[in-house]
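Thanks for making the time this morning. I would like to walk you through one model, and I will give the cut-offs as we go.

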Amino acid sequence: MKTNKYPIAEYDDLEMPSDDMDTDIRNWHSHLVKVRKDTECVYCGAPISKGDFALSERGFCDGEPFLIHDCIDCADDLIAFYNEEIDSEEYCRRWETRHKKYAEQDRR
Ligand SMILES: [Zn+2]
């Protein structure tokens with residue numbers, strides 16, 4: 001099972017990159033959770049199994065409540081980028097590698 005690389009507090013209100021600037025997000029929070037049912041990463045599509053750690057993001061989007069999960073790899077890479085352990089190219093490369101891998105698995 002995957003576990004967090006960084007102290008739990010680093011995952012609090014960790015803002016994942018988004019190119020969607022049109023939606024109105026309110027009361028947004030993120031934190032590290034153990035997921036209660038199988039789901040998948042919103043960013044890369046990686047499966048997240050019940051009991052795995054993941055970044056939970058919740059809030060209101062255009063007035064509607066939402067709850068999404070991001071896999072620990074996506075969260076860890078973002079923290080690594082913010083900590084300047086990796087540059088933006090490396091960050092994108094890692095994301096693309098995961099995204100491709102899980103997109104291929106879906107097609108089978
Ligand atoms: Zn992911």
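I will start with the conventions, then take the overall fold, the sheet and the core.

What you see is a predicted model, in which local features need pLDDT of at least 70 and side-chain atom pairs count only at pLDDT 80 or more, while totals for chains, interfaces and linings use all residues. Residues are numbered from 1 along each chain as its sequence is written.

The protein chain holds two helices and five strands, where helices (H or I, at least four residues) and strands (E, at least two) are DSSP runs numbered from the N terminus. Along the sequence they come in the pattern β-β-β-β-β-α-α. The radius of gyration of the protein chain is 14 Å, close to the 13 Å given by the globule rule for 108 residues, so the chain is as compact as a globular protein of that length; the radius is taken over C-alpha atoms, and the rule is 2.2 Å times the number of residues to the power 0.38. The C-alpha atoms fill a box of roughly 35 × 35 × 30 Å along the principal axes.

Now to the sheet, which is open, has three strands in the order E1-E4-E5, and is paired antiparallel; strands count as paired if DSSP finds at least two bridges between them. Strand E1 (25-34) and strand E5 (64-71) are the edge strands, each pairing on one side only. Strand E4 (residues 53-61) is joined to E5 by eight bridges, and Phe-60 has Pro-65 in E5 as its bridge partner. Helix H1 (residues 72-82) lies across E4 and E5, at about 80° to E5, with axes fitted to C-alpha atoms, for helices over the stretch in contact, and angles running from 0 to 180 degrees between N-to-C directions.

Which residues touch the most other members of the largest nonpolar core? They are Cys-41, Cys-44, Cys-71, Cys-74 and Ala-75, in a core of 14 residues. Such a core is a set of buried Ala, Val, Leu, Ile, Met, Phe, Trp, Tyr and Cys residues joined through C-beta atoms within 7 Å, and buried requires 20 or more other C-beta atoms within 10 Å of the residue's own, with C-beta atoms placed from the backbone. E4 and H1 are the elements that give two or more residues to this core, and H1 gives the most, with four.

Finally, leaving aside neighbours within four places in sequence, Cys-44 is in contact (C-beta atoms within 7 Å, placed from the backbone) with Cys-71, Cys-74, Trp-95, Arg-98, His-99 and Tyr-102.

Conventions. Two residues are in contact if their C-beta atoms, placed from the backbone, lie within 7 Å. A residue is buried if 20 or more other C-beta atoms lie within 10 Å of its own, exposed if 12 or fewer, and partly exposed in between; C-beta atoms are placed from the backbone.
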